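My entries follow the order in which I looked.

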Amino acid sequence: MIIEISFTDNILLICLKNNEREEVRIKSGLPEDYEYDFSYENLYSIYLNLEKLDATIKNSMKNNDKYLWKINFSKYPKITANFKSLIPKIIRKKYIENELMDFQVTGVNWLLKENNRILADDMGLGKSLQTIYCLEKLIFTKKISSILIFCSKTLTTNWSNELIKWSPLLHTKEIRTSDINITINKFFPKFNILIIPYSLMTNVINSLDVKEYNFDVIIADEAHKLRNSSSALHKSFIKLNKIRTWFLTGTPLERDSKDIQNLLLCLNKRKFFINKNISDTILKSRLELNSLRRLKVNVLKNLPKVHHHIEELEMEKKQLENYNQLLKEMKLSKGVDKIGFLSKLSIAAIYHQDKTSNKFIKAIEIASKYKKLCKKLIIFCDFNEPLRLLQNKLREKKILSHLLYGEKDMIERYRILNDYKNNNLITILLCNSKIGREGLTLTEASSMIFLNEWWNPSSNRQAEDRINRIGQKEEMNIHLLRSKNTIDIHVAKILENKNYIEKDFLDRLIKNIN
């Protein structure tokens, strides 16, 4: 058999000719931005895989004594579905490696060195880019073929978009509820990568033949979600058979030695089998040996400055009356009931039910300023209703905005984010902080407002990291709106210490307010 390869006008033609000889001939020049493996062994093995995938492929490809593969680089979606997952084994687009920064090259080499790794880089340092490069390289060198990526539901589309952006030849599929009764063998080898939301993990593992399937790579994004041994996620993940396991997280993984044990078991239950008498020192050492964490301040020397503007505001009259009434009721309450009042006080420090709000007034003032400068702004809040009310008030001022919160489905979420990024008329994104802390890259904005701050300082930083990351070219402004003499001030004082766990935080907060 002779294999002839030619490249013309972005069309790659690979011809397999029946002949006794076994050789590869390149007929014309190939594009410099691609790397190829056109060895006879590789092409012929892929041809045999094609025959296994589709019994009709032989006849459909045959033209006289030739078998023709036509690959159109300019129209990736047009490539035959059965062939898509095999393309990355032949061809790799090289530009991705030119985009890597030095610290990212270090991260790539570190991931590739061992099968069990935790990439814990600070938010915004390109963990997904480093991971995608590794996957592409391993597929091209024939070391892997089946990959699972587990992530939050809000990040599945983000992963798909990143894969399309950085490695468009990789064939990926987002697993949805309608897919959970289809066996894994139906997906592989037709796809290189399956992206599965954590919300479907247990269903997928219980419904599919994953217990018998040996996956080449399993990636857990936001891997801290697996640290609770009693959770369904932990129990499901630990059942999976995998050759390589990579954890990605920008959030500190462990709260105590038990968390470390649980994460190491998920990473590799055989390698990290843990004796009950093992010391905390040894556990931490194992975690550190398998973790790589770089901070933005250490590796991004040229990242623009971040300016924090603390705005302490007097409350509107009705706001103040409502807040003080809630405070009296809280002081008369007992035990657990006091905790329920904390959210009520936080909301009251933002606005009154008749829609009067010191923070709305200030937020609109800041938004108007940025609109005149033609700059984009993000407004974060942990509660949906203040965001809805503020959007109406912005509309009254002829300031266009989008609202993003958890009730939006993935299609609507993508539409909102895409329009915010690309539509110059939309200058404001009103975003629930819980949604905005994960997976968003919004460097189109250089400023943000917090209507309230969360008790966990890392959560607030994660929200800031939506703009404070690679790709940001402007100096950043973070406006923290705090109502005077309210829970806002107590939260801010406690956050300064940055080390309190939730229980200590709540106990101290209630004590201070009382």
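Entry 1, a term. I note that the model I am reading is a predicted one.

I looked up helix α11, residues 257–267, and helix α12, residues 280–289; they pack at an angle of about 45 degrees. Their axes are 10 Å apart. With that angle, α11 and α12 are therefore oblique to each other. I wrote down the hand of the crossing of α11 and α12 as left-handed. Which residues of α11 and α12 meet? From α11 I listed S257, I260, Q261 and L264, and from α12 I listed D280, L283, K284, R286 and L287. Sorted by class, the residues of this contact are four nonpolar, two polar and three charged.

Next I took helix α5, residues 102–113, together with α6, which spans 127–140. The axes of α5 and α6 come within 9 Å and cross at roughly 50 degrees. That angle makes α5 oblique to α6 as well. I recorded a right-handed crossing for α5 and α6. On the α5 side, the contact is made by F103, Q104, G107, V108, L111 and L112. On the α6 side I found L129, Q130, T131, Y133, C134, K137 and L138. I sorted the residues of the contact of α5 with α6 into eight nonpolar, four polar and one charged.

I stayed with α6 and turned to α7, residues 156–166. Their axes come within 10 Å, and the crossing angle is roughly 60 degrees. So α6 and α7 are oblique to each other. α6 passes α7 in a right-handed crossing. In α6, the residues S128, L129, T131, I132 and E136 meet W159, E162, L163 and W166 of α7. I counted five nonpolar, two polar and two charged residues in this contact.

How much space lies in the largest pocket? I read off about 1,100 Å³. The pocket is lined by 38 residues, and the closest to its centre are S128, N158, E162, T441 and R469. S128 and E162 were already in my notes, from the contact of α6 with α7. I then asked which helix gives the largest share of the lining. The helix is α7, with eight residues. By class, the lining of the largest pocket has 14 nonpolar, 13 polar and eleven charged residues.

Note on methods
Residues are numbered from 1 along each chain as its sequence is written. This is a predicted model: local features need pLDDT of at least 70, side-chain atom pairs count only at pLDDT 80 or more; totals for chains, interfaces and linings use all residues. Side-chain values use heavy atoms; hydrogens and water are left out. On a 1 Å grid over the protein atoms alone, a cavity is a set of points where a 1.4 Å probe fits but cannot get out, and a pocket is an open set with protein on both sides within 12 Å along at least five of seven lines; lining residues have an atom within 4 Å of a point. Grid points are joined across faces, edges and corners, and a volume is the space filled by probe spheres set on the points. Helices (H or I, at least four residues) and strands (E, at least two) are DSSP runs, numbered from the N terminus. Ala, Val, Leu, Ile, Met, Phe, Trp, Tyr, Cys and Pro count as nonpolar, Asp, Glu, Lys and Arg as charged, and the others, Gly among them, as polar. Axes are lines fitted to C-alpha atoms, for helices over the stretch in contact, and angles run from 0 to 180 degrees between N-to-C directions. Angles under 35 degrees count as roughly parallel, over 145 as roughly antiparallel, 65 to 115 as roughly perpendicular and the rest as oblique. A crossing is left-handed if the near helix is turned anticlockwise from the far one by less than a right angle, and right-handed if clockwise. Contact means heavy atoms within 4.5 Å.
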